[in-house]
Amino acid sequence: MSASSSRNSVNATDLSHWARRANRAVGALAPLWLAQLVLRFGLAVPFFRSGMSKWDGFLQLNDVAVLLFSSEFQLHLPGGPYPYPAPAVMAFAAGSAEILLPILLVFGLATRFAALGLLVMTAVVQLTVPDGWPIHITWAAMALGLMASGPGKLSLDHLLCTWRGGPNKG
């Protein structure tokens, strides 16, 4: 082996070693439990805020929410757009889910199911507001991340799983 090829292999080894150390350092700055916590809050906030805007009181849907579902919102499907079926029921279901699912996410309770529910809602929102895809894809990515990785150590899911002595995978 020539001296220059020996120097190149040493440099490549040094570079590989440095890259592994840098990777570990960055990973230490962003532990999985922290990423999961931030994902839960990041996904919960926009849906909760939207849900709060639909209510005038306990189980009292405001007129604007029903009006939006009956006259403004439409589903952009092939051959459409189409009006929402049963707009009052859809407004109530959306408003309820936008309150309940984010609360579950914040507490980390039934996290994967709450994330799945918000992923489905995101798909419906995308069909309603097709030009909003840049933010919708972000919501979908957060929901998928939570569905894949779980709620993290700072969650009721983790606490319940630990308390029951079951397998704890996130």
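At roughly what angle do the axes of helix 2 and helix 4 cross? Some notes on that and on the largest pocket follow.

1. This is a predicted model, in which local features need pLDDT of at least 70 and side-chain atom pairs count only at pLDDT 80 or more, while totals for chains, interfaces and linings use all residues. Residues are numbered from 1 along each chain as its sequence is written, and side-chain values use heavy atoms, with hydrogens and water left out.

2. The axes of helix 2 (residues 32-52) and helix 4 (residues 87-107) cross at roughly 155° and come within 8 Å. Axes here are lines fitted to C-alpha atoms over the stretch in contact, with angles from 0 to 180 degrees between N-to-C directions; helices are DSSP runs (H or I, at least four residues), numbered from the N terminus. The two helices are therefore roughly antiparallel (over 145 degrees).

3. The contact residues divide into 12 nonpolar, 3 polar and 2 charged, where Ala, Val, Leu, Ile, Met, Phe, Trp, Tyr, Cys and Pro count as nonpolar, Asp, Glu, Lys and Arg as charged, and the others, Gly among them, as polar.

4. Do look at the lining of the largest pocket too. Of its 24 lining residues, Lys54, Phe69, Ala94, Glu98 and Val125 lie nearest the centre. By class, the lining has 17 nonpolar, 5 polar and 2 charged residues. Helix 5 gives the largest share, 6 residues. A pocket is an open set of points on a 1 Å grid over the protein atoms alone, where a 1.4 Å probe fits, with protein on both sides within 12 Å along at least five of seven lines; lining residues have an atom within 4 Å of a point.

Conventions:
Angles under 35 degrees count as roughly parallel, over 145 as roughly antiparallel, 65 to 115 as roughly perpendicular and the rest as oblique.
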